[in-house]
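Dear colleague,

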Amino acid sequence: MVSKSNRILVTGNQGYIGPILGAYLRRTMPDSFLVGFDTGLFAGCLLNPILWPDRQYDLQRYCDLRDLSAEDLRGVDAIVHLAAISNDPMGNTFEQPTEDINLHASLRLARLAKVAGVRRFIFASSCSVYGAGSDAARTETDPVAPLTAYARSKVALEEGLRSLADDRFQVTCLRFATACGLSPRLRLDLVLNDFVASALTTGKIKVLSDGTPWRPLIHVNDMARAMEWGLRRANDCGGEFVVVNTGSDTWNFQIRDLATTVAEAL
């Protein structure tokens with residue numbers, strides 16, 4: 001269980017998920033000390049500029065992940081690692097920075113964390129590691145087949161974290177489905193969010209395929225719940241290192257059905 005002195009560092013907290021996670025942990029783990037760590041590139045990208053979502057964090061640090069030092073980890077008990085170049089178009093355009101940040105800087109963070117005595121490391125991985133879909137659902141024991149720089153960085157970091165995990169450094173890798181839902185810092189490049197935004201602003205929903213591909217979804221609130229599980233789980237629940245597909249069997253949709261549902265709702 002998490003004690004009152006528990007200090008949790010959230011990297012990339014000023015993105016799409018960080019405000020939701022901060023508010024959720026403030027409710028469910030109120031005695032924890034929450035530290036945000038972000039470059040601040042998207043800090044001002046708010047739906048409501050009057051309400052500052054990062055007030056949920058006890059301390060906010062501004063720094064590039066590549067410049068993080070051992071001093072930044074002093075007294076930290078757990079890390080939730082969200083920071084990344086976080087989609088395929090950016091990853092494909094900027095492959096080297098994606099590898100530098102998503103893999104090398106992130107693995108460096110984990111190594112520094114282990115030396116500093118951090119006990120838990122929760123990594124926001126992705127279902128994109130499985131590559132092109134098929135009719136069969138993928139399980140954690142199925143082979144990965146990453147097709148993009150973003151997905152390859154997720155696979156490589158998972159493997160690097162596996163080699164670090166032990167009874168003093170517990171690692172939880174959450175292979176998230178595609179995120180959706182409202183956040184103070186809203187991303188509109190995600191399929192369901194994109195369809196809603198396009199329908200509201202243009203009156204049209206543009207589907208860029210034949211509509212048959214499947215897309216697993218997860219609400220940002222449920223992502224926060226999963227990360228809290230990682231912060232609380234005992235080693236007899238998955239072991240020192242665990243990879244978990246994180247989504248819902250009932251939230252697996254074909255693109256055409258998502259577009260039709262949004263059109264009917266609006």
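Before the sheet is described, one term is needed: two strands are said to pair if DSSP finds at least two bridges between them. Please also keep in mind that this is a predicted model.

With that term in hand, the model shows an open sheet of seven strands, in the order β3-β2-β1-β4-β5-β6-β9, and the pairing is parallel. At the edges stand β3 (59–62) and β9 (241–246), each of which pairs on one side only. Direction ignored, neighbouring strands of this sheet are turned against each other by 20 degrees on average.

Helix α6 touches β1, β4, β5, β6 and β9, and its direction makes about 165 degrees with that of β6, while helix α4 (residues 149–164) lies across β4, β5, β6 and β9 and runs at about 155 degrees to β5.

Finally, α6 (residues 220–232) also packs against helix α1 (residues 18–28), at an angle of about 55 degrees and with the axes 9 Å apart; the two helices are therefore oblique to each other, and α1 passes α6 in a right-handed crossing. Among the residues that meet here are Ile20, Leu21 and Tyr24 in α1 and Val220, Ala224 and Leu231 in α6. The residues of this contact divide into eight nonpolar, two polar and three charged.

Notes. Residues are numbered from 1 along each chain as its sequence is written. This is a predicted model: local features need pLDDT of at least 70, side-chain atom pairs count only at pLDDT 80 or more; totals for chains, interfaces and linings use all residues. Side-chain values use heavy atoms; hydrogens and water are left out. Axes are lines fitted to C-alpha atoms, for helices over the stretch in contact, and angles run from 0 to 180 degrees between N-to-C directions. Helices (H or I, at least four residues) and strands (E, at least two) are DSSP runs, numbered from the N terminus. Angles under 35 degrees count as roughly parallel, over 145 as roughly antiparallel, 65 to 115 as roughly perpendicular and the rest as oblique. A crossing is left-handed if the near helix is turned anticlockwise from the far one by less than a right angle, and right-handed if clockwise. Contact means heavy atoms within 4.5 Å. Ala, Val, Leu, Ile, Met, Phe, Trp, Tyr, Cys and Pro count as nonpolar, Asp, Glu, Lys and Arg as charged, and the others, Gly among them, as polar.
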